[in-house]
Amino acid sequence: MIDFPVTLHLLGKSILLHPVLESLGIFVGMRYYFYLKRKSPEKLLLHISLAVIAGATAGALIGSKLLGNLENPYTLFSDAFSLKKFWSNNTIVGGLALGLVGVELAKKIVGHKDSTGDLITFPLILAIIIGRIGCFFTGIYEETYGLPTDSVFGMHLGDEYLRHPVSLYEIIFLILLWVILKMIQKRNFPSGFVFQVFMFSYFTFRFFLDFLKPRVELVGNLGAIQLTCLLVIIYYIYKINVTLRYNFAIK
């Protein structure tokens, strides 16, 4: 029986496991990215690499916190609002969506037109998996837990209800997606296609997964994260279609 939230006891202090694993995920993901970058035959000029990293970082930071707070926009205009709470609200969906915008803007500024996404795909998946392990061990004390369920998958996550372990669902999905993307990577698709498939697949999965989570319904029965997912899905349907048309045209 797991005692949620799981904490580490170091030097007489209790530290939540979640932020430790979240930080570890970012560190390991970045190290994996730089490892792949050194092995890659495609070398970006220094100013382009710096621009892409800066755009991704700024966009991800803004997007994760903005969408994290828009999940429940009513608290932004209530007495419950605080800068501390605003800063602590994050979501991967917002980070990926606005990180993408940041990268595209940075590429336009430096005049780089080629795709830069394939190299970051697997480091991103690895970082998300490690972070989601932390989410799972936080149980209901972090806003990524699932709704109550009577299904065989239900688990006690810190209260009296059996709940969908949505973090575990996401981990399993990402492992399967990793295998599929590795198979796609071996095929002769244009640069950027692996990243496009990752983004389309992940945002489609998250759109449906969020029906199993508590959420504030903003349009119909859709929350802010799901509305963002729909926009990204539509964008990548277009991008994948263009890439496949180009791939077939040159064969």
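Predicted model: local features only at pLDDT ≥ 70, side-chain atom pairs only at ≥ 80, totals over all residues.

Visitor: Why are α1 and α5 called roughly antiparallel?

Guide: An angle over 145 degrees between the N-to-C directions counts as roughly antiparallel. The axes of α1 and α5 cross at roughly 165°, and therefore α1 is roughly antiparallel to α5. The crossing of α1 past α5 is right-handed.

Visitor: Which residues make the contact between α1 and α5?

Guide: From α1 they include H18, L21, E22, Y32, Y33 and K37. Among those from α5 are L119, F122, P123, I130 and C135. Sorted by class, this contact of α1 with α5 has 16 nonpolar, 5 polar and 2 charged residues.

Visitor: What makes L17 count as buried?

Guide: Buried means a relative accessible area under 20%. L17 has a relative accessible area of 13%, so L17 is buried. This residue is found in helix α1. Apart from neighbours within four places in sequence, L17 is in contact with V6, T7, L8 and F137. The C-alpha atoms of L17 and F136 are separated by 10.0 Å, and the two residues are 119 apart along the chain.

Visitor: What is the angle between α5 and α6, and how far apart are their axes?

Guide: α5 and α6 pack at an angle of about 165°, and their axes are 9 Å apart. Because the cut-off for roughly antiparallel is over 145 degrees, α5 is roughly antiparallel to α6. α5 passes α6 in a left-handed crossing.

Visitor: Which residues of α5 and α6 meet?

Guide: On the α5 side they include T121, I125, I129, R132 and F136. On the α6 side, S167, E170, L174, W178 and Q185 are among them. The contact of α5 with α6 has 14 nonpolar, 3 polar and 3 charged residues.

Visitor: How many residues does the largest nonpolar core have, and which have the most contacts inside it?

Guide: The largest nonpolar core has 38 residues. Those with the most contacts inside this core are I125, L174, L181, F198, M199, Y202 and F203. At least two residues of the core are supplied by each of α1, α4, α5, α6, α7 and α8. The largest share, 11 residues, comes from α7.

Visitor: With which residues is M199 in contact?

Guide: Leaving aside neighbours within four places in sequence, M199 is in contact with L96, L100 and Y236.

Visitor: How do α2 and α4 cross?

Guide: Their axes come within 6 Å and cross at roughly 145°. α2 passes α4 in a right-handed crossing. In α2, the residues that meet α4 include H47, I48, A51, G55 and L67. In α4, the residues that meet α2 include V93, G95, L98, K107 and V110. By class, the contact of α2 with α4 has 11 nonpolar, 9 polar and 1 charged residues.

Visitor: What is the relative accessible area of L76, and how is L76 classed?

Guide: The value for L76 is 23%, so L76 is partly exposed, given the limits of 20% and 50%. L76 has its place in the loop between α2 and α3. Beyond residues up to four places away in sequence, L76 touches N69, L70, F81 and F86. The C-alpha atoms of L76 and F86 are separated by 8.3 Å, the two residues being 10 apart along the chain.

Visitor: Is the peptide bond from F4 to P5 cis or trans?

Guide: The bond from F4 to P5 is cis, with omega near -10°. P5 is found in the segment before β1.

Note on methods. Residues numbered from 1 in each chain as written. Heavy atoms only, no water. Core = buried A, V, L, I, M, F, W, Y, C linked by side-chain atoms within 4.5 Å. Buried < 20%, exposed > 50% of the residue type's maximum accessible area, 1.4 Å probe, protein only. Helix = DSSP H or I, 4+ residues; strand = E, 2+ residues; numbered from the N terminus. Contact = heavy atoms within 4.5 Å. Axes fitted to C-alpha atoms, helices over the stretch in contact; angles between N-to-C directions. Parallel < 35°, antiparallel > 145°, perpendicular 65-115°, else oblique. Left-handed = near helix turned anticlockwise from the far one by under 90°. Nonpolar A, V, L, I, M, F, W, Y, C, P; charged D, E, K, R; others polar.
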